[in-house]
Amino acid sequence: MSKIAILEIDGNKFELPVIVGSENEAAVDISKLRDISGVITLDPGYKNSGSCKSEITFLDGELGILRYRGYSIEELAEKSHFLEVSYLIIFGELPSVERLEQFENDIRKFTLVSEEMKIILDGFPRTAHPMGVLSALTSALTAFNPKSVDADNEKDMYDAVCKTIAKFLVIATWTYRKSMGYPLNYYDNTIGYVENFMNLMFKLPTGPYTANPIIIDALDKLFILHADHEQNCSTSTVRMVGSSHAGLFASISAGVSALWGPLHGGANQAVLEMLEEIHATGGDADKYLAKAKDKNDPFRLMGFGHRVYKNFDPRAKIIKKAADEVLATLGVNDPILEIAKKLEVSALEDEYFKSRNLYPNVDFYSGIIYRALGIPTDMFTVLFAIGRLPGWIAQWKEMRENKEPIGRPRQIYTGYPLREYVKS
Ligand code: CMC
């Protein structure tokens with residue numbers, strides 16, 4: 001039986017349908033509220049508003065559950081690999097062995113990036129942050145692929161998916177090569193996607209390079225953990241930009257910019273910088289904990305807290321375990337890690353953090369593991385973007401296929417009423 005909610009305003013009652021999702025989450029459908037009552041709802045930061053129906057990712061922040069297309073993140077991180085998970089997220093089902101092989105081959109068809117993109121890259125100063133460059137280069141891909149994707153045409157959409165996955169990895173690594181003044185590398189179609197990431201980043205023309213398989217495995221797992229996270233800030237941005245029927249590259253470029261901020265994906269870099277600062281100033285983690293609790297101090301403990309997880313972030317649990325294993329295998333002994341552990345223990349026991357349900361999030365541990373893997377700090381958020389790419393694509397595709405209307409929130413105006421212009 002369908003449920004309804006009743007809203008009473010000034011003695012007038014309005015009936016609103018209640019929508020229930022496949023995991024029994026309920027939402028009051030207010031899409032007709034203004035038409036029937038004249039009022040709108042106000043929810044800055046969308047803390048309590050669903051923006052869409054989606055079949056891609058299920059997340060229960062209270063129970064610490066994360067699933068892609070019904071599969072638990074724990075199982076996928078253990079048994080699957082990044083391109084298989086990408087296929088699952090984007091197309092809805094795990095591929096057969098043959099389908100996956102075809103998908104990987106189809107991605108390889110698009111791995112060559114136009115030489116003219118190098119001229120654009122050349123225009124940036126070497127000191128530019130890789131995320132700014134990545135956002136610009138992603139947008140520039142539109143110029144080299146001007147035909148906009150027909151989201152209703154399966155073949156067109158499929159090609160766009162393969163093209164985006166192929167080219168994004170290459171340009172993401174070029175942002176690092178540029179910052180180092182190194183020659184740009186090309187994708188090697190004879191090796192895997194994550195191995196290519198390592199080659200594109202670190203291979204030099206002066207000698208042979210073989211990426212460490214432990215590092216490749218760890219990165220693959222990290223990409224899986226980042227692959228989608230339902231309607232987070234960058235994904236909502238991708239859907240919002242795409243809702244105007246802007247193209248896939250333009251929408252993803254906007255997603256990269258949204259991810260860059262330190263309250264979102266930029267937190268992984270901010271965590272490391274915070275830990276380095278604690279280390280450089282004598283290693284007093286408690287001092288920083290006190291700063292984070294001080295309401296007169298804008299400092300926040302980076303890598304702690306989450307809009308939806310009010311329990312341990314399940315991704316953080318997996319990364320913490322992976323970080324311990326990788327660090328032990330690689331024989332890394334890092335004082336920064338000791339500070340991170342101390343900070344974690346103190347925060348988890350602290351009343352301020354406990355009462356607000358502030359747990360370490362995915363970015364707290366990812367920065368530590370990236371550092372151990374030899375990834376430069378400026379590139380941490382770029383790695384997040386590479387991992388999140390299938391999620392952005394899947395959400396864009398779903399939004400277009402569901403024929404969602406253009407995203408256009410309303411507001412409550414609080415400025416001046418009508419004033420008369422008086423010439424000064
Ligand atoms: N350090 C200290 N206090 C905090 C922190 C923190 N990291 N996070 C939240 N709080 C406090 C906040 O001051 C507020 O206290 P009070 O109720 O006394 O005013 C309370 O906890 C609730 O915080 P909020 O800002 O209302 O929560 P939010 O849902 O708007 O923000 C957040 C979520 C992730 C932006 C925030 O927790 C934060 O800034 N964390 C640090 C940045 C970070 O690690 N971001 C990565 C998020 S995970 C990766 C991703 O998916 O993007």
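How many salt bridges does a search of the whole structure find? The search finds 16, a salt bridge being a side-chain nitrogen of Lys or Arg within 4 Å of a carboxyl oxygen of Asp or Glu.

1. Basis of the note. This is a predicted model, in which local features need pLDDT of at least 70, side-chain atom pairs count only at pLDDT 80 or more, and totals for chains, interfaces and linings use all residues. Residues are numbered from 1 along each chain as its sequence is written, and side-chain values use heavy atoms, with hydrogens and water left out.

2. The ligand shell. The ligand is surrounded by 22 residues, and the closest are His264, Arg300, Leu301, Gly303 and Arg307. By type, the shell holds 10 nonpolar, six polar and six charged residues. Here Ala, Val, Leu, Ile, Met, Phe, Trp, Tyr, Cys and Pro count as nonpolar, Asp, Glu, Lys and Arg as charged, and the others, Gly among them, as polar.

3. Polar atoms at the ligand. A polar backbone atom of Leu263 is 3.0 Å from a nitrogen atom of the ligand. A nitrogen atom of the ligand also lies 2.9 Å from a backbone N or O atom of Phe304. In the side chain of Asn361, an N or O atom is 2.9 Å from an oxygen atom of the ligand. The protein buries 79% of the 940 Å² that the ligand exposes when taken alone; accessible areas come from the Shrake-Rupley method with a 1.4 Å probe.

4. A salt bridge between a buried and an exposed residue. The side chains of Asp106 and Lys109 meet in a salt bridge of 2.7 Å, N to O. Asp106 is buried, at 6% relative accessible area, whereas Lys109 is exposed, at 60%. Buried means under 20% relative accessible area, exposed over 50%, and partly exposed in between (1.4 Å probe, protein chains only).

5. A salt bridge between two helices. Glu276 and Arg371 meet through their side chains in a salt bridge of 2.9 Å, N to O. The pair links distant parts of the chain, 95 residues apart: Glu276 is in helix H12 (residues 267-280) and Arg371 in helix H17 (residues 362-372). Helices (H or I, at least four residues) and strands (E, at least two) are DSSP runs, numbered from the N terminus. Both residues are partly exposed, Glu276 with a relative accessible area of 31% and Arg371 with 30%.

6. A salt bridge within one helix. Glu325 forms a salt bridge with Lys321, with 3.4 Å between the closest N and O atoms. The two residues are separated by about one helical turn because they are four residues apart in helix H14 (residues 314-330). Glu325 is partly exposed at 41% relative accessibility, and Lys321 is exposed at 55%. Elsewhere, salt bridges that share partners join Arg239, Glu398 and Glu404 into one network.

7. A charged residue without a salt bridge. Arg69 is in the loop between strand S5 (65-68) and strand S6 (71-72). Arg69 is buried yet has no salt bridge, and Glu55, the nearest side chain of opposite charge, is 4.5 Å away. Lys and Arg count as positive and Asp and Glu as negative; His and the chain ends are not counted. The side chain of Arg69 does reach the backbone oxygen of Glu55, at 3.5 Å.

8. Positive phi values. Most residues other than glycine have a negative phi. His245 has a positive phi, near 70 degrees, and is placed in the loop between helix H10 (233-242) and helix H11 (248-260).

Key: Near = heavy atom within 4 Å. Polar contact = N/O pair within 3.5 Å; in protein donor to acceptor, adjacent residues only side chain to side chain.
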